[in-house]
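Hi everyone, thanks for coming.

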Amino acid sequence: MNKLSSIAYYVTDKISSNDISLSEYVTTDCILQNKKGREVASNLPPQPCCLTRYQRGDILIANIRPYLKKVWFADIDGGASSDVLVFRAKEGHSPSFLYAVLLQDSFFDYVMQGAKGSKMPRGDKEQILRYEMPILSCSEESIGTFFLNLDQKIRLNEQINQNLEAVIADVMDYKFLSNAETLPKRFIGDIASIKAGGDCPQEWSKYKTKDCQIPIYSNGTDNEGLYGYTKEPTILKRGITVAARGTIGYCTMRNGGYVPIIRLLAVTPNDIGGDVYLHQIFNRIKFRNDGSIQQQLTVPSLASIEIPYPNASTLKAFANITYPLIEKIKQNKIQIEELTMQRDELLPLLMNGQAMVNSDLADD
């Protein structure tokens, strides 16, 4: 069986940080977990330094904590920090196929087997290149093109959602925050019910089953804090959850019918449209630290925050504008989830020759 080194090599070319823009700079932090691409880095290196010069078609992988599955198919040229591995397909091999190989869960599992360090494990570069390649039942190009197209559809839906969220924020700024001084001040505890999450239900499942259909949420940001599923909801109305520890202040809008667990606060507004309004407000608040050792947000501290708050009829008009956008975001997220599941389930089947790519599909 061929090794990864038969189709790819590490890029070692260098470029100065002075010669790239912020949008071209890639670090381990700006490559997103769970194969979700990357975001723009927050800043360039404070001092001029040498970076790895990557180019369009290279595959970049964060080599710190490989289990986070941070991988990006470069669509621009630029420079990457030292803890980012830059792979390039050898002549005669498909960059998109190489990307498909490096997307596999089995690849990241393999990297972790050779990783060094316990707290911040790093992959062994020599061991990584010994990853065993599958014997293909169809061409590299067809497999690579199929998965690259699938990945691009996921990224497109994510971009659409970012644009829709930006529109909602703009409407919020225009309708309310541009003249916030004219709005009456209200305490959050007077305009919404706030409940601290409890222990995880005894009967629950990590995945949705016939009996367990109700989502359980915790304070994590991965998959919007989805922890699992259970039988009965404890929060019935739509609202917002706010992380009380760890990722303190991270907030997400929720449809009614869910269970919040420890380290999470569930906020249920009294008025229609209050969920969108409070979600926008929470995104702009710098929550204070009530914990002596670690950050912690409490029900009383959240309830005591005073904010500008419009009347019920104005909020309802705001809801009429924003709720359709939120529904579109929700449908796009469902499609992203379905496409991601399809990608991750098909990858090992195609690599092992248990499935074939239709050439028409690969070109879509």
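This is a predicted model: local features need pLDDT of at least 70, side-chain atom pairs count only at pLDDT 80 or more; totals for chains, interfaces and linings use all residues.

Where does α8 bend, and by how much? The bend is at T322 and comes to about 35°. There's also a proline, P324, which follows within four residues. As for the helix as a whole, α8 runs over residues 312-351. Its 40 residues reach 56 Å from the first C-alpha to the last, and that is close to the 58 Å expected at 1.5 Å a residue.

Now, on to the packing. Two packed helices are described by the angle between their axes and the distance between the axes, and I'll give you both for each pair.

The axes of α1 and α8 come within 10 Å and cross at roughly 110°. Angles of 65 to 115 degrees count as roughly perpendicular, so α1 and α8 are roughly perpendicular to each other. On the α1 side you'll find F97, A100, V101 and L103, and they meet R343, L347 and M351 of α8. By type, the residues of this α1 and α8 contact are six nonpolar, no polar and one charged.

From α1, the contact uses S96, F97, Y99 and A100. From α4, it uses E140, E141, I143, G144, T145, F147, L148 and D151. That group splits into six nonpolar, three polar and three charged residues.

Last pair, and then I'll let you go! Follow α4 along to α6, residues 274-284. Their axes come within 11 Å and cross at roughly 90°, which makes α4 roughly perpendicular to α6. I168, A169, M172 and D173 of α4 meet V276, Y277, Q280, I281 and R284 of α6. Sorted by type, the contact has six nonpolar residues, one polar and two charged.

That's my tour, and I'm happy to go back to any of these pairs.

Notes:
Residues are numbered from 1 along each chain as its sequence is written. Side-chain values use heavy atoms; hydrogens and water are left out. Contact means heavy atoms within 4.5 Å. Helices (H or I, at least four residues) and strands (E, at least two) are DSSP runs, numbered from the N terminus. Ala, Val, Leu, Ile, Met, Phe, Trp, Tyr, Cys and Pro count as nonpolar, Asp, Glu, Lys and Arg as charged, and the others, Gly among them, as polar. Axes are lines fitted to C-alpha atoms, for helices over the stretch in contact, and angles run from 0 to 180 degrees between N-to-C directions. Angles under 35 degrees count as roughly parallel, over 145 as roughly antiparallel, 65 to 115 as roughly perpendicular and the rest as oblique. The expected span of a helix is 1.5 Å times one less than its number of residues. The bend at a residue is the angle between axes fitted to the seven residues ending there and the seven starting there.
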